[in-house]
Amino acid sequence: DRRLKNVGEMFTGGLEQVKKLEVYNFTYKKDSANTPRVGVMAQDLMKVFPNAVTKGEDGYLRIRMEDMFYAVVNAVKELDTKIKVSF
């Protein structure tokens with residue numbers, strides 16, 4: 001709810017940033033079940049969205065998914081505009 005937030009600048013991450021991200025299949029080293037997962041590597045994400053990565057108390061990097069999610073929303077909007085212009 002906007003009434004609960006201090007609203008700042010619009011988030012402008014979009015298609016150009018999303019295109020820079022590499023997505024991998026992976027498993028966690030300590031997962032004995034070898035559960036297959038898909039995602040980005042925090043070290044790579046830091047280069048594109050530095051605010052989306054924090055360091056945990058254990059020293060490992062953590063990803064805040066919000067930046068990527070909203071960049072994808074902006075990318076879809078950009079692609080929609082490009083499609084409409086080309087017709």
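A pocket is an open set of points, on a 1 Å grid over the protein atoms alone, where a 1.4 Å probe fits, with protein on both sides within 12 Å along at least five of seven lines; lining residues have an atom within 4 Å of a point. Grid points are joined across faces, edges and corners, and a volume is the space filled by probe spheres set on the points.

The model is predicted: local features need pLDDT of at least 70, side-chain atom pairs count only at pLDDT 80 or more, and totals for chains, interfaces and linings use all residues. Residues are numbered from 1 along each chain as its sequence is written, and side-chain values use heavy atoms, with hydrogens and water left out.

The second largest pocket has a volume of about 190 Å³. Its lining consists of R2, K5, V7, G8, E9, M10 and F11. By class, these are 3 nonpolar, 1 polar and 3 charged residues. Here Ala, Val, Leu, Ile, Met, Phe, Trp, Tyr, Cys and Pro count as nonpolar, Asp, Glu, Lys and Arg as charged, and the others, Gly among them, as polar.

The largest pocket holds about 760 Å³ of space. It is lined by 19 residues, of which F26, Y28, M41, Y60 and L61 are the closest to its centre. At least two lining residues come from each of β2 (37-39), α2 (42-48), β4 (61-63) and α3 (65-86). Helices (H or I, at least four residues) and strands (E, at least two) are DSSP runs, numbered from the N terminus. The lining comprises 11 nonpolar, 3 polar and 5 charged residues.
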